[in-house]
Amino acid sequence: MSTPIKISQAADYVGQTVTLTGWVQKRTDKGKLQFITLRDGSGLMQCVVFKQNLPEDQFTAARYITLESAVSITGNLRAEPRAPGGFELDASQFHVISRAEDPYPLAPKRDGGEHGVDFLLNHRHLWIRDPRQVAILRIRATLIKAIRDWLDGHGFTLVDTPIITPAAAEGTTTLFATEYFDEPAYLAQTGQLYNEANIYAFGRVYCFGPTFRAEKSDTRRHAMEFWMVEPEMAFTDLYENMEIIEQFVSYCVQTVLRERAAELAALGRDTSKLAQVTPPFPRLHYDEAVELLRRNGFPDFPWGEDFGAPHEDTISAQFDKPVFVHHYPREVKAFYMQPDPDRPETVLACDLIAPEGYGEIVGGSQRMHDYQTLLEAIERHRLPRAAYEWYLDLRRYGTQPHSGFGMGLERVLMWLAGLPHIREALPFPRLYRRFYP
RNA sequence: UCCUGCGUAGCUCAAUCGGCAGAGCGACCGGCUGUUAACCGGUUGGUUCCAAGUUCGAGUCUUGGCGCAGGAGCCA
């Protein structure tokens with residue numbers, strides 16, 4: 001009798017006869033001895049197939065099996081120090097479930113056998129089987145869980161916001177257009193405005209889903225479809241907002257470091273700096289950030305301009321932790337942000353810039369809570385008032401100072417996993433001029 | 001959208017001054033009972049991105065187009 005098991009359960013079945021089903025990840029042909037590395041989604045198992053230990057036709061099938069074929073292998077599971085992972089299956093049965101065509105398009109990594117980015121992305125449906133990609137996406141799943149666990153444990157309620165929306169939320173950014181029967185509609189670029197309605201019912205809410213930007217941004221930090229978590233809190237000012245952000249981000253980082261240590265190690269990520277990510281985070285007023293830039297390579301940086309990638313990198317390079325920049329000039333920020341009552345040319349906004357050059361990972365602000373101020377802002381930005389009537393309504397029925405932020409999942413994942421490009425942070429990335437497969 | 005670079009075998013790349021189109025890997029065949037990117041021998045492999053031009057002759061030079069990458073802008 002044999003027991004069907006997953007490779008991850010191997011330690012519990014040493015000495016027993018078990019059956020594994022999976023895919024042929026690697027094969028070494030030694031004549032009468034075949035090494036087959038099997039992948040089943042839970043782990044990898046080296047299987048040894050000795051000619052004398054199984055029927056002739058089954059040995060022949062193993063001898064000529066192709067990479068990525070689906071097979072089932074039965075045999076005695078034993079501890080074997082010579083095998084990767086410390087366990088090995090000594091095959092007594094080998095059955096082909098489906099034979100993969102050959103050659104398999106993605107070659108095993110060897111000297112000079114690397115693939116180019118274009119080729120890999122065009123084969124993303126196969127590339128995703130690669131151990132590195134699996135490690136990254138497991139970290140992604142753990143990061144998502146950490147995000148939800150922390151928010152769920154701190155009084156936030158998940159309230160989903162619509163993906164099909166009737167109008168631009170922020171007006172300036174380009175939206176993906178679609179149609180809602182006979183009317184124009186757009187894919188959501190943020191759930192924030194709806195979150196602001198939901199806090200009146202729940203106090204603290206968050207939405208977490210895909211968002212869409214039709215910007216022709218062609219950089220390693222941009223995807224057209226990406227995931228963003230957006231918490232929103234009633235009766236909360238900018239400073240409480242920043243405290244929440246640093247607690248939240250620190251929990252996410254430490255949870256991933258603890259639960260995905262093996263994957264991070266497999267990626268070669270140096271986690272020494274990540275281990276230091278604990279509250280509080282350094283904070284710079286925009287004025288101070290400008291001064292810092294002027295002292296560090298940008299002597300003529302004008303007050304009032306937004307920061308580009310080189311500026312963010314210069315600021316973050318001064319710190320080992322993520323750094324807040326707050327009180328940005330009003331002109332460079334979204335229409336709904338609350339002006340600082342003492343300096344109305346600035347707004348109660350904060351960005352969080354990740355260390356090691358990974359750029360902005362969080363953007364947050366205190367929102368305008370006064371009806372008249374918001375109405376003037378909408379008119380000043382020439383936004384269609386009719387589309388925002390419901391949003392203005394929120395300032396008529398129980399308005400209060402409230403704040404929130406958005407965190408880009410893939411940006412954080414890039415930082416944690418040490419990814420050079422956002423394309424590896426999504427299972428099937430939608431990039432500028434690329435959405436196949 | 002702008003700047004820079006690249007485009008040659010299934011993949012990664014060579015090809016001198018404009019002069020016979022090459023290698024490694026993969027795949028296939030053979031050998032090997034301990035491989036970890038196995039090793040050894042053999043076989044297979046081409047619309048040199050597309051179009052036009054210069055030339056006795058173009059992978060190489062010119063013009064246009066297409067595709068990709070890196071950077072910038074914009075943002076999360």
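Biologist: Which residues of H4 meet H6?
Modeller: On the H4 side they are Ile139, Thr142, Leu143, Ala146, Ile147, Asp149, Trp150 and Leu151. They meet Ile244, Gln247, Phe248, Tyr251, Cys252, Thr255, Val256 and Glu259 in H6. Keep in mind that this is a predicted model.

Biologist: How do the residues of that contact divide by class?
Modeller: The contact of H4 with H6 has 11 nonpolar, 3 polar and 2 charged residues.

Biologist: And at what angle do H4 and H6 pack?
Modeller: At about 140 degrees, and their axes are 9 Å apart. That angle makes H4 oblique to H6. The crossing of the two helices is right-handed.

Biologist: How many bridges join E15 to E16?
Modeller: There are 6 bridges between E15 (residues 349-354) and E16 (residues 359-366), and the two strands run antiparallel. Ala354 stands opposite Gly359 in E16.

Biologist: Back to H4. How does it sit against H12?
Modeller: The axes of H4 (residues 131-152) and H12 (residues 409-417) come within 10 Å and cross at roughly 120 degrees. H4 and H12 are therefore oblique to each other. H4 passes H12 in a right-handed crossing.

Biologist: Which residues make the contact?
Modeller: From H4, Ile136, Ile139, Arg140, Leu143, Ile144 and Ile147; from H12, Leu409, Glu410, Val412, Leu413, Leu416 and Ala417. By class, the contact of H4 with H12 has 10 nonpolar and 2 charged residues, and no polar ones. Ile139, Leu143 and Ile147 of H4 are listed in this contact and also in the one with H6.

Biologist: New topic. What is the strand order in the open sheet of 3 strands?
Modeller: The order is E8-E10-E9, and the pairing is antiparallel. E8 (164-165) and E9 (177-180) stand at the edges with a single partner strand each, so one side of each has no neighbour in the sheet.

Biologist: How many bridges do E8 and E10 pair over?
Modeller: Over 2 bridges, with E10 covering residues 183-187. Thr165 has Tyr186 as its bridge partner in E10.

Biologist: What about H8 and H9, at what angle do they pack?
Modeller: About 95 degrees, with axes 10 Å apart; H8 is residues 286-295 and H9 is residues 309-316. They are therefore roughly perpendicular to each other. Ala289, Leu292 and Leu293 of H8 make the contact with His311, Thr314 and Ile315 of H9. That contact of H8 with H9 has 4 nonpolar and 2 polar residues, and no charged ones.

Biologist: Last one. Into which domains is chain A divided?
Modeller: Domain 1 is 3-98 and domain 2 is 131-424. Taken over C-alpha atoms, the centres of domain 1 and domain 2 are separated by 47 Å.

Methods
Residues numbered from 1 in each chain as written. Chains lettered and ligands numbered in written order. Predicted model: local features only at pLDDT ≥ 70, side-chain atom pairs only at ≥ 80, totals over all residues. Heavy atoms only, no water. Axes fitted to C-alpha atoms, helices over the stretch in contact; angles between N-to-C directions. Helix = DSSP H or I, 4+ residues; strand = E, 2+ residues; numbered from the N terminus. Parallel < 35°, antiparallel > 145°, perpendicular 65-115°, else oblique. Left-handed = near helix turned anticlockwise from the far one by under 90°. Contact = heavy atoms within 4.5 Å. Nonpolar A, V, L, I, M, F, W, Y, C, P; charged D, E, K, R; others polar. Pairing = 2+ DSSP bridges. Domains from an automatic or database assignment.
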